[in-house]
Amino acid sequence: MIKLTDVHKSFGTQKVLNGLNLEIPEGKVTAIIGPSGEGKSVLLKHIIGLLQPDSGRIEVDGESILGLRRSQLNRIREKFGMLFQNAALFDSMSVFENVAFPLQEKTKLTSDEIRRRVVSALEDVGLKNVEDKFPDELSGGMKKRVGLARAVVLNPKIILFDEPTTGLDPVIKRAIHQLIRETHVKFGFTAVVVSHEIPEIFDIAQNVAMLYQGEILQHGTPDEIQASTHPVVRQFISGSLDGPIHVG
Amino acid sequence: MFNPVQAIGRLTIEWVRELGRMGWFILYSFYMIARRPGSPIYILKQMRFIGTKSLFVIVLTAAFTGMVLGLQGYYTLAKFGSEGLLGTAVALSLIRELGPVLSALMVTGRAGSAITAEIGIMRISEQIDALETMALDPFKYLITPKFVAAMISLPLLCAIFDVVGIYGGWLVGVKLLGVNPGTYFYEMEKSVMWRDVYSGMIKSFSFGVIVAWIGCYKGYFSGHGAEGVSRATTESVVLTSVIILVWDYFLTSILL
C-alpha cells in the first residue's frame with residue numbers, strides 16, 4: 001500500500017501539492033484524474049522518490065521513503081516499474097537493449113534467458129520483430145508499448161503510469177488500455193494511472209482519485225466518482241466550460 | 001519594486017548554491033569512480049568518442065601550431081643569431097604549455113559540448129529519471145565512464161599533440177628555413193627535462209578532469225527543453241575553456 005499524508009510541494013512561488021492525502025490500495029488499479037497542470041505527474045514522481053516533498057509523509061508498504069540514503073531508496077524502488085509520459089526509452093539503445101537493460105543490470109540471468117524474457121515481454125505488449133529498431137524509428141504508440149514492456153519485465157509489485165495514452169489515436173488508446181487491464185490481471189501488480197481519458201479510465205480503474213488545486217478532492221470507486229455531485233468533479237467529467245474550473 | 005540589495009543577495013545565494021552543487025558533483029563522481037568505475041565497455045566506448053575521434057583535429061591543430069612556432073621562433077631567434085635553439089623553443093613551448101592547453105581546448109569544443117548535449121537530452125527526455133526509477137545510479141552509467149575516459153585520453157592526445165607539433169616546427173625550421181637538422185634535435189634533447197614532460201602530463205590529466213566535470217555537470221543540471229540544452233552546451237564550452245586557462249596559470253606557478 002502507498003500512503004501519502006499531508007504532502008506539500010512548491011516550485012518557487014507556485015504551490016503544486018497543498019496538503020495532499022491519499023491511500024493507494026494494494027493489487028488494484030488506482031486512477032488519478034484532474035485538469036492539466038494540477039501536479040499529477042509531480043504526485044507520481046513523489047511516490048517513487050524522484051521528487052522530495054517540502055513537508056509531509058510518503059510511505060510504501062508501511063516504510064517511509066523520505067530522508068533515505070540512496071541504497072535504501074533503491075531497495076524500495078526495486079518494487080516499482082514506471083511508464084513515463086514520453087516512454088523515456090534510452091535512445092542510444094535498440095528496443096531489445098532497452099527492455100533487456102533492467103534484466104542485465106538487476107538479475108544474474110544468462111543471455112539466453114534474457115533474450116527469452118525480452119521477446120516474451122514484447123509479445124505481451126503486442127510487438128514482434130522490432131527488437132533491432134531504435135526508439136526514434138518507432139511511432140508514439142509503439143514507444144509506449146516498449147516502455148510498458150520495460151516496466152513489467154522485472155515483474156514489479158507496483159507500476160506507475162504517467163499518462164499512458166496521451167497523444168495516441170483512439171484505436172491505439174484502446175489497445176493500451178486493454179493492455180494495462182490484461183497485464184494487471186496477469187501479474188496482479190498495484191497500478192497508479194495518471195490519465196485524462198474520461199470516461200475510458202472508469203472501465204480500467206477500481207479506484208479513482210480526483211486531484212484539484214493540490215489536494216485530493218474526491219476518492220472512490222468509478223461509480224461513486226461518476227455519481228458525484230461536487231461541482232468541480234461534475235464539470236471535469238462532463239468536460240463542460242461552465243463551472244468552477246477556469247480555463248487558461 | 002526593484003531592490004538592488006535584494007538582487008545582489010539573490011545572485012550571491014544562487015552563485016554559492018551553484019558552486020556547492022558543482023563541488024558535490026565532482027566529489028560524488030570521484031567517490032563513484034573509487035567504488036565502481038563502471039563497466040570497461042562503457043569506458044572504452046567513451047575513450048573512442050573522446051580520444052580516438054578527436055585524433056584528426058588534434059593532429060591538424062598540432063601540425064599548424066608547431067609550424068607557426070617554427071616560423072615565429074626562427075625570426076625572433078635569428079635576431080640574436082641563435083636559430084640553433086629553435087628546437088628547444090618549439091619543444092618546450094609545446095610540452096609545457098601549448099600541448100596540454102590546446103589539446104584540452106580542442107577536446108572541449110569537440111567532445112565536451114557533445115557530452116553536455118547528450119546528458120542534457122537524456123535529462124529533458126526523462127531518461128535519467130528512468131534510470132533512477134530502475135534503482136540504477138545514473139552516475140555509474142553516464143558520468144564515471146566519461147571521467148575515466150577523459151582522464152586517460154587527454155594525456156595521450158597531449159602526447160600526440162607534442163610530437164606532431166615538434167615535427168611541424170621541424171618542417172618549417174629545418175626544411176623551409178634551413179636550420180641544421182642535427183642542431184634542432186640535439187639542442188632539444190639537451191634542454192628538455194623529464195620534469196617538463198611530467199608537468200605537461202599532469203596538466204593534461206587535470207584538464208581531462210575539468211572537461212568531464214563541467215561537460216557532465218552542465219548536462220546533468222540543464223534547463224528545460226531544447227533551449228535549456230543549447231544554453232547548457234554553450235555555457236559548458238565557455239566555462240570549461242575559462243577554467244582550463246585559469247587552472248593552467250595556477251598549476252604552472254606550482255609546477256615551475
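Start by selecting chain A, where buried residues make up 39% of the 248 residues; a residue is called buried if 20 or more other C-beta atoms lie within 10 Å of its own, exposed if 12 or fewer, and partly exposed in between, with C-beta atoms placed from the backbone. The model is predicted, and local features need pLDDT of at least 70 while side-chain atom pairs count only at pLDDT 80 or more, although totals for chains, interfaces and linings use all residues. Residues are numbered from 1 along each chain as its sequence is written, and chains are lettered from A, with ligands numbered from 1, in the order in which they are written.

With chain A still selected, its secondary structure comes to 9 helices and 10 strands, taken as DSSP runs numbered from the N terminus, with helices (H or I) of at least four residues and strands (E) of at least two. The radius of gyration of chain A, taken over C-alpha atoms, is 18 Å, close to the 18 Å that the globule rule (2.2 Å times the number of residues to the power 0.38) gives for 248 residues, so the chain is as compact as a globular protein of that length. Along the principal axes, the C-alpha atoms of chain A fill a box of roughly 55 × 45 × 35 Å.

Next, colour chain A by its domain assignment, automatic or from a database, which gives domain 1 (1-79 + 158-248) and domain 2 (88-155). The C-alpha centres of these two domains of chain A lie 25 Å apart, and the contact between them takes 10 residues from domain 1 and 10 residues from domain 2, two residues being in contact if their C-beta atoms, placed from the backbone, lie within 7 Å. On the domain 1 side, helix α6 (residues 170-187) of chain A provides the largest share, 6 residues.

Now show both chains and turn to the largest nonpolar core, which has 118 residues, with A:Leu160 and A:Val193 having the most contacts inside it; such a core is a set of buried Ala, Val, Leu, Ile, Met, Phe, Trp, Tyr and Cys residues joined through C-beta atoms within 7 Å. Helix α6 (residues 138-176) of chain B gives the most to this core, with 15 residues. Both domain 1 and domain 2 of chain A also give residues to this core, so it lies between them. Centre the view on A:Val193, whose contacts beyond its neighbours within four places in sequence include A:Val29, A:Phe161, A:Ile180 and A:Ile204.

For the strands, select β1 (residues 2-11) and β2 (residues 14-24) of chain A, which run antiparallel and are joined by 8 bridges, pairing being assigned where DSSP finds at least two bridges. A:Leu4 has A:Leu22 in β2(A) as its bridge partner, and in the hairpin, with 2 residues between the strands, A:Gly12 takes a positive phi near 60°.

Finally, select A:Ala88, in the loop between β6 (80-83) and α3 (95-106) of chain A. A:Ala88 is buried, with 24 other C-beta atoms within 10 Å, and beyond its neighbours within four places in sequence A:Ala88 is in contact with A:Gly147, B:Ser125, B:Glu126, B:Gln127, B:Asp129 and B:Ala130. Widening the selection to the two chains, 11 residues of chain B are in contact with 14 residues of chain A.
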